[in-house]
Amino acid sequence: MPIGPGSTIGVIGGGQLARMMAIEARRAGYRIAILDPDPTGPAGQLADLRIEGAWDDVGPAQELARASDVVTIDTEHVPADLLEAVSAHAPVRPSAAVLRAVQDRRAQRRFLAENRLPQVRHALLSRPADLPAAVERVGFPALLKTSRGGYDGRGQVRVAAAEDLPKAWKEIGEAPAVLETFVPFAKEISVLLARTEAGEIRFHPIAENVHRHQILRTTSVPAEIPSELVARAEEIGRRIATALGHVGMMAVELFVTNDGELLVNEIAPRVHNSGHFTFGACATSQFEQHLRAICGLPLGETLLLRPAVMLNLLGDLWRPGPPDWTAVLRHPSAHLHLYGKKRPFPGRKMGHVLVLADTVEEARRTAETIAIDLEGLDESRREGPPGSGT
Ligand SMILES: Nc1ncnc2c1ncn2[C@@H]1O[C@H](COP(=O)(O)OP(=O)(O)OP(=O)(O)O)[C@@H](O)[C@H]1O
Ligand SMILES: [Mg+2]
C-alpha cells in the first residue's frame, strides 16, 4: 500500500537534507516530522511536528516513529540498532541492515570487496599493531580515515611517510580506521539513483564533483565523461543498491583514474550534496524521488532540464554577517538556496547556488564569477595586504 499525501514522513536528523525533503514533502501535501537535537534547525523550521532529541536516543526516535507513517534519515550516522528499535512502530527506509553495511567505513569496504566491486586499495585497522602490515599493503601517500562518524573530510589525515603514521593515528583518536592509497584521480563523479522496494531503479544524470579541502565545492552536469563510463558507473550503482536491498535515494562517489578505471570511494544511502543540482535542474529532484521511493510510489522522471553547476556556500563567506546576495541574484540564471542555519563557521555548509545555462561551460563561468564576487565583495574584510585584491 503506498503511503499517500496527507501521511506523515518522519526524519531522524534535521539538517539541510531533511529541510529539502520537507520542502518537497509539503509541496506534495505530506506532513513532516523532524527529530533533531536542535528542533529549530534547518528542517525543524519547516516541520509540522518537531521532536527534540539526539539521533542516538531511542525514546525520542520511537516517539517520532509513532507519529509517522514512514521514517527515514538525513545522516547515515544514526545508529543501526536505534533504527531497528524504531522499525517496530513504523516502516524505516533505508533499513537498519543497510546502515549496518555502510555506516562503518570498514564494513563498507568489506561489503564492496565481498561484492567484487572496484575500490580504492586499502587496509582495515583495529589497533596500532595492524599499522605495519597496512603500510606494506597501501604504500604512500595514503589517507587514514576513522571508521565512524566522518564527514566533509573530518576524521581524515593525509600520511606522506611511515614516520607520520603514529601521529596520524593519534589525530584520528586511536580508533578503528581504514588506511587508503591516495588516488591521483582524473575526475570525481557520483552516481545518484533511487531504488524502490520492488527493485525498480532510476538514475539521475551522473554528477561531476570538485572538492576543496575535502569538502564538495562544485557539482557540474552533465559530467564530461564518455557514455561508456556512464554505463559502467551506473552498473556499479545498480549492483550496490541491489546487493544492499536499499530503498530510497543513494549516492555512490567514484574516482575516475587516468586510465579510465572506476574506483568506489564512498556509498551514501541517502540524498546527497552532489545531487542538490537535481532540485531545480531535473524534472524530479532527489528529495522528491527519495520520498516517492520510501512511500512506495512510482519513481519520477530524472531528465536534466538544463546544464547546471551547483556551488556550495560555506560559513567562511560569513565574516561574520552574510555576504551581499546581489552577487548571486544579479545573475538571472542563478538560484540561491539557504538552509536557515543560525551559526556560520568555517567549513559549515550554509547553502548553495544553482546556476542553469545553455552549456555546462557557461554555467561554470557564471558560478566562478559568483564565487569570486562573494569572496571579495567587502575589501575591508578580506585577508591579505591592503589593496591586493582588486
Ligand atoms: N583515497 C583517496 N584518494 C584521493 N582523494 C581522496 C581519497 N579519499 C578521499 N579523498 C578526497 O577527499 C574527499 C572526501 O573524502 P570522503 O568522501 O572519504 O570523506 P567524507 O568525510 O566521508 O566526506 P563526505 O561524507 O562529506 O563525502 C573525496 O571526495 C576526495 O576528494
Ligand atoms: Mg565523500
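Along helix H8, the residues Leu229, Ala233, Ile236, Gly237, Ile240, Ala241 and Leu244 are buried, a word used here for a relative accessible area under 20%, with exposed standing for over 50% and partly exposed for anything in between (1.4 Å probe, protein chains only). Viewed down the axis of H8, these buried residues fall within an arc of 125°, so they line one face of the helix; the arc is that of the directions from the helix axis to the C-beta atoms. An α-helix has 3.6 residues a turn, so residues three or four places apart point the same way. The model described here is predicted, so that local features need pLDDT of at least 70 and side-chain atom pairs count only at pLDDT 80 or more, while totals for chains, interfaces and linings use all residues. Residues are numbered from 1 along each chain as its sequence is written, chains are lettered from A and ligands numbered from 1 in the order in which they are written, and side-chain values use heavy atoms, with hydrogens and water left out.

H8 itself covers residues 227-244, and its 18 residues reach 26 Å from the first C-alpha to the last, close to the 26 Å expected at 1.5 Å a residue. That expected span is 1.5 Å times one less than the number of residues in the helix. Helices (H or I, at least four residues) and strands (E, at least two) are DSSP runs, numbered from the N terminus. The cover over the buried residues of H8 includes helices H4 (96-102) and H5 (105-114), together with strands S9 (187-195), S10 (201-203), S13 (248-256) and S14 (262-268); contact here means heavy atoms within 4.5 Å. Just past the end of H8 comes Gly245, which has a positive phi of about 65°.

The magnesium ion (ligand 2) is coordinated by Glu253 (OE), Glu253 (OE) and Glu266 (OE), at 2.1 to 2.5 Å. This pair links distant parts of the chain, with Glu253 in S13 and Glu266 in S14, 13 residues apart. Both glutamates, Glu253 and Glu266, are buried. Donors are N, O and S atoms within 2.8 Å of the metal (3.2 Å for Na, K and Ca); water is not among the atoms, so sites may look incomplete.

The structure holds four cavities of 30 Å³ or more, and the largest cavity has a volume of about 110 Å³. Its lining is made by 13 residues, of which Glu76, His77, Val102, Gln103 and Glu266 are the closest to the centre. H5 and S14 each contribute at least two residues to this lining. On a 1 Å grid over the protein atoms alone, a cavity is a set of points where a 1.4 Å probe fits but cannot get out, whereas a pocket is an open set with protein on both sides within 12 Å along at least five of seven lines; lining residues have an atom within 4 Å of a point. Grid points are joined across faces, edges and corners, and a volume is the space filled by probe spheres set on the points.

The second largest pocket has a volume of about 380 Å³. Of its 16 lining residues, Arg212, Arg217, Leu314, Asp316 and Glu375 are the closest to the centre. Strand S12 (215-221), strand S15 (308-314) and helix H12 (360-376) each supply at least two residues of the lining, and S15 gives the largest share, four residues.

Two further buried residues lie in other helices. Glu24 belongs to helix H1 (residues 16-27) and counts as buried at 5% relative accessibility. Beyond residues up to four places away in sequence, Glu24 touches Phe279, Ser285, Phe287, Glu288 and Leu291. Ala65, in helix H2 (residues 58-66), is buried at 0% relative accessibility. With neighbours within four places set aside, Ala65 is in contact with Val71, Val86, His89 and Ala90.

Arg93 and Pro94 are joined by a cis peptide bond, with omega about 0°, and Pro94 lies in the loop between helix H3 (80-86) and H4. Arg116, in the loop between H5 and strand S5 (122-125), has a positive phi near 50° although this residue is not a glycine; Arg116 is exposed, with a relative accessible area of 72%.
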